[in-house]
Amino acid sequence: MFKISGQTKLAALYAQPARHSFSPLMQTTAFQAAGIDAIYLSFDLTAEKFPHAMEAIRSLDLLGVNISMPYKQKALTLVDEVDQAAQLIGAVNTVVNQKGKLIGYNTDGAGFMKSMAEQAVESPGKELTLLGAGGAAQAILVQAALDGVRKINVFNRPSPNYQKIAALIERLEQVTTCEFQLFELAEQTKLAEKIAGSTLLVNATSVGMTTSDSLVPPEMLRRDLVVADLIYQPQQTALLQAAKANGAQTINGLGMLLHQGAEAFKLWTGQPMPLAVVRPVLEKQIK
Ligand code: NAP
């Protein structure tokens with residue numbers, strides 16, 4: 001039975017909006033299953049309150065926090081140290097309170113790479129085609145390059161995100177050996193060519209979340225391609241349905257959600273998240 005005491009520690013989510021998040025369920029289930037005397041709550045914060053809430057990590061001696069939209073970039077300026085991936089991405093989604101010193105991490109990309117490895121998808125040395133240039137795409141781009149993916153082709157609309165990912169690619173070229181190419185999404189011939197040369201296709205756009213649209217014509221999907229979609233609601237986007245129909249291995253975003261949380265849990269507690277307990281609880285909640 002779950003008991004709360006004077007010793008119980010707190011971890012939290014800082015975001016706006018924050019109340020819809022699955023993280024309190026995921027992390028509190030994990031604390032209980034691992035026998036760690038801690039709970040996790042979400043806090044909906046205004047921009048004015050956010051810096052005070054960051055200071056409260058120290059003053060209230062929290063284990064740490066997750067940061068979500070719209071504060072991931074601001075958090076980078078409010079921590080004492082930042083790990084390499086978070087620095088390159090320019091966004092922090094996890095803060096660890098190390099005896100009053102705040103260390104910023106970004107576990108989104110690592111969570112994605114862990115979810116691939118869990119499905120026996122070998123990405124180091126391989127070619128990846130990435131659709132999207134927003135926050136999630138940038139996190140995956142950085143971690144995939146740091147983890148040794150050989151070549152990454154990025155497709156996005158000509159937008160502010162396109163400019164941001166172009167600048168990020170320049171920074172990554174300085175610190176990794178990965179080869180990058182950036183294209184406009186409208187370049188369909190290039191898209192077909194790059195998907196044909198890739199072992200992994202990743203949809204990191206929000207297309208497919210609220211509509212049954214897909215950015216990839218079904219004829220570009222083939223049996224020996226792994227197709228990942230970061231979306232987990234719906235569980236099977238139109239892209240994943242078309243990929244499955246063509247015989248491809250398909251992976252939705254639930255594994256990334258679980259593993260980005262597991263990475264944060266490990267940073268706060270030093271222990272692996274008890275995935276066998278947490279995964280079915282999360283799956284049931286998302287269904
Ligand atoms: P974001 O920063 O808002 O980026 C959205 C991306 O989608 C941008 O590249 C945007 O292109 C593109 N996009 C949106 N509508 C489009 C359209 N009609 N046609 C072409 N491209 C379009 O969002 P994000 O945080 O990166 O999230 C992206 C997706 O990943 C969302 O579905 C989110 O739920 C999912 N996600 C999942 C996890 C997980 O744990 N599984 C974690 C994070 C995110 P422009 O730059 O041209 O606007």
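1. How many residues of domain 1 are in contact with residues of domain 2? In this predicted model, 6 residues of domain 1 touch 12 residues of domain 2, where contact means heavy atoms within 4.5 Å. The model is predicted, so local features need pLDDT of at least 70 and side-chain atom pairs count only at pLDDT 80 or more, while totals for chains, interfaces and linings use all residues. Residues are numbered from 1 along each chain as its sequence is written, and side-chain values use heavy atoms, with hydrogens and water left out.

2. Domain bounds. Domain 1 covers 9-106 and domain 2 covers 109-255. These bounds come from an automatic or database domain assignment. The C-alpha centres of the two domains lie 27 Å apart.

3. Domain interface. About 700 Å² is buried between domain 1 and domain 2. Carbon and sulfur atoms give 64% of that area. Buried area here is the accessible area (1.4 Å probe) that two parts lose on being put together, summed over both. On the domain 1 side, Phe-22, Leu-88 and Ile-89 lose the most area to domain 2. Together they account for 69% of what that side buries.

4. Polar terms across the interface. The count of salt bridges between domain 1 and domain 2 is 0. A salt bridge is a side-chain nitrogen of Lys or Arg within 4 Å of a carboxyl oxygen of Asp or Glu. There is 1 residue pair in polar contact between the domains, both residues at pLDDT 80 or more. A polar contact is a pair of N or O atoms within 3.5 Å; within protein, one must be able to donate a hydrogen and the other to accept it, and residues adjacent in sequence count only if both atoms are side-chain atoms.

5. The mixed sheet. An open sheet of 6 strands runs in the order β2-β1-β3-β5-β6-β4, with mixed pairing. Strands β2 (38-44) and β4 (81-82) stand at the edges with a single partner strand each, so one side of each has no neighbour in the sheet. Two strands pair if DSSP finds at least two bridges between them. Helices (H or I, at least four residues) and strands (E, at least two) are DSSP runs, numbered from the N terminus. Strands β1 (residues 9-15) and β3 (residues 64-67) run parallel and are joined by 4 bridges. Ala-12 stands opposite Val-65 in β3.

6. Helix α1 (residues 23-33) lies across β1, β2 and β3, at about 170° to β2. Helix α10 (residues 254-269) lies across β1, β2, β3, β5 (94-98) and β6 (101-105), at about 10° to β5. Axes are lines fitted to C-alpha atoms, for helices over the stretch in contact, and angles run from 0 to 180 degrees between N-to-C directions.

7. The parallel sheet. Another open sheet has 6 strands in the order β9-β8-β7-β10-β11-β12, with parallel pairing. Its edge strands, β9 (179-184) and β12 (249-251), each pair on one side only. Neighbouring strands of this sheet are turned by 15° against each other on average, direction ignored. Strands β10 (residues 200-203) and β11 (residues 226-229) are parallel, with 4 bridges between them. Leu-200 has Val-226 in β11 as its bridge partner. Helix α8 (residues 188-197) packs on the sheet and touches β7 (127-131), β8 (151-156), β9 and β10. The direction of α8 makes about 140° with that of β7.

8. Salt bridges. The structure holds 11 salt bridges. One of them joins Glu-55 and Arg-58, whose closest N and O atoms are 3.3 Å apart. Both residues lie in helix α2 (residues 50-59), 3 residues apart, about one turn of the helix.

9. Backbone points to check. Most residues other than glycine have a negative phi, and most peptide bonds are trans. A cis peptide bond joins Gln-16 and Pro-17, with omega about 5°. Pro-17 sits in the loop between β1 and α1. Met-69 and Pro-70 are also joined by a cis peptide bond, with omega about 5°. Pro-70 is in the loop between β3 and α3 (72-76). Asp-61 is not a glycine, yet has a positive phi of about 55°. Asp-61 lies in the loop between α2 and β3.
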